[in-house]
Every structure is written in structure tokens, then in C-alpha cells.
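Please keep the sequence and the 3D view at hand.

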Amino acid sequence: SILMGISGSFLAVMAVIPQDLVGPKDVVNAIGLLGFFTAITDSVGPAVAGFIYDSTGSYNAVFCLSGGLSSAAGLLMFIDFHFRRKEKRAISGTENRQK
């Protein structure tokens, strides 16, 4: 993960994941929304981190909040992946029965 962050391959992955999630038809809109929300978090995040640091005198809460939000996002992606895979199996099972 360190090499991925250093090499900037996040940009390459940023185009592939939305296409897998929404399909090629809606990928442009998905990348636009992704960029929009990334811009919001990039502009608000440092101010929130500074406020938390000023309130607590430590960055521990900032790191815990950041780690918790990242973990929650990963968990939501895992849940979404699980349900999409289950849905695909149900659809393909229905198609196989119709043939």
C-alpha cells in the first residue's frame, strides 16, 4: 500500500472501481461524483483535524477518527460487494433455469 500511495496509482484505480460498481454506461457520472466528494473531504478534512487538535491538544483523536471512517468505508464496500455478488448469482441462476 505504501508503494501504491507513492506511485500515484490511486488515479488508475479511481477509474476502474467506479466502472465495476456502476457499469460502463454510468462511469462518467460516478467518477464526477467521486471527484466532487473527494474535493469536499480534501477541503474540509484539514480544518476538522485542526479543530480536533486545538480542542484536545493531540492528534490521537484525529487518527482514530480517520481510521474509523476508513474502516467503515471498507466495511460498506465489502457489504456492497457481497450483496452484488449474491444478486449476480441469483440473476444467473434464473437465466440458467430459463434456457
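This report turns to the pocket and then to the ring pairs.

The model is predicted, so local features need pLDDT of at least 70 and side-chain atom pairs count only at pLDDT 80 or more, while totals for chains, interfaces and linings use all residues. Residues are numbered from 1 along each chain as its sequence is written, and side-chain values use heavy atoms, with hydrogens and water left out.

**The pocket**

The second largest pocket holds about 310 Å³ of space. Its lining includes I17, D20 and L21, along with M77, F81 and R84. Both α2 (10–22) and α4 (60–98) supply at least two lining residues each, and α4 gives the largest share, 8 residues. Sorted by class, the lining has 5 nonpolar, no polar and 6 charged residues.

A pocket here is an open set of points on a 1 Å grid over the protein atoms alone where a 1.4 Å probe fits, with protein on both sides within 12 Å along at least five of seven lines; lining residues have an atom within 4 Å of a point.

**The aromatic pairs**

There are 2 aromatic pairs in the structure. Rings pair if their centres lie within 6.5 Å; planes under 30 degrees apart count as stacked, over 60 as edge-to-face.

| Pair | Centre to centre | Angle of planes | Kind |
|---|---|---|---|
| F36 and F37 | 5.2 Å | 70° | edge-to-face |
| Y53 and Y59 | 4.3 Å | 20° | stacked |

F37 is partly exposed at 49%, Y53 at 33% and Y59 at 43%.

Methods: Points joined across faces, edges and corners; volume = space filled by probe spheres on them. Helix = DSSP H or I, 4+ residues; strand = E, 2+ residues; numbered from the N terminus. Nonpolar A, V, L, I, M, F, W, Y, C, P; charged D, E, K, R; others polar. Phe/Tyr/Trp six-rings, centres within 6.5 Å; stacked < 30°, edge-to-face > 60°. Buried < 20%, exposed > 50% of the residue type's maximum accessible area, 1.4 Å probe, protein only.
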